[in-house]
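Hello,

Here is the structure you asked about, with notes on what turned up in it. Please read the notes with the model open.

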Amino acid sequence: MAPSINDGAKITGLAALSQGTPLPGVPKFTNFKTQREYTVSSKEWQAISVCATPKTPTFFGQTLNEDGVAVGGNMSRPANAAGFLIHSAINRARPDVNVACHFHSTYGKAWSTFAQPLEMLNQDVAIFYGVQSVYKEFGGVVLKEEESTALAGSLGQGKVMILRNHGLLTVGSTVDEAAYLFLLMEKSCMIQLAADAAAASGREKLYVDDEAAQFTYENTSDPESLFAEFQGYLQWESAVSHDGYKAMGCLDKETNEYIVKNSNYPISVNSIQVPLAH
């Protein structure tokens, strides 16, 4: 049977995971302009390539109109048509989502060939309990609005999705939340494939039961906890790169747009969305 915390006392997931004073969660701001300036100048924005947002999406430093045409920011290259269709569809279907991450990662692509959800094999993957979906169609690169709309519909009200023969997609309220979910999902695909390979030799897999998975999800998956979890990745990136990722771009103080420079191609995770207007 799954345990309880303080005999059912209601505390946040971040507080439950913190022994003593809770870790700091998502920063709070008094106005939207300050919030967005913090977002596009922060380490997570600089370390990860960017794209998409409601009304005026941003793709790798480009500001796009509702038709996907670049109207500001980095005008040196056209926007990615498939990326715009996918993320604009998510924006329309999920106004609560501020950020989406999508990447054709190695283990995500490998697991996507089965068009199946991740199994509850361990504590970490239970963060996806009840909020993962599978897009079971594949019609090639997404260049038709019908497919992008269907893809967004398959996500539903979830947070993570496996796209058959394609890759992974995660969403969140902050860059940190969506990025952490993506990294965790990629690692979970790697573990799933390794466990399946071991099981093929006759070993029995033991699954996390529904009650324990639900308990783990409720106490580890809130936006504040996922924001805090991602900070370790940022610190590691800063240390190993000696903050070299900052040389990849700069913040335009007048437009609050992140401009990629000295790069012919986008880097790292290939899609992030951040609101440009309230």
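Lys205 and Glu119 form a salt bridge, with the closest N and O atoms 2.7 Å apart (a salt bridge is a side-chain nitrogen of Lys or Arg within 4 Å of a carboxyl oxygen of Asp or Glu). Lys205 lies in the loop between helix H7 (175–199) and helix H8 (210–220), and Glu119 in the loop between helix H5 (106–112) and S5, so the pair ties together parts that are 86 residues apart in sequence. Helices (H or I, at least four residues) and strands (E, at least two) are DSSP runs, numbered from the N terminus.

This is a predicted model: local features need pLDDT of at least 70, side-chain atom pairs count only at pLDDT 80 or more, and totals for chains, interfaces and linings use all residues. Residues are numbered from 1 along each chain as its sequence is written, and side-chain values use heavy atoms, with hydrogens and water left out.

Lys205 also forms a salt bridge with Asp196, at 2.6 Å between the closest N and O atoms. Shared partners join Glu119, Asp196 and Lys205 into one network. Lys205 is partly exposed at 21% relative accessible area (buried means under 20%, exposed over 50%, partly exposed in between; 1.4 Å probe, protein chains only).

Another salt bridge joins Lys159 and Glu177 (3.0 Å, N to O). Lys159 is in the loop between H6 and S6 and Glu177 is in helix H7, 18 residues apart. Lys159 is buried at 17%, and Glu177 is buried at 1%.

The whole structure has five salt bridges and zero disulfides (a disulfide is a pair of cysteine sulfur atoms within 2.5 Å).

Regards
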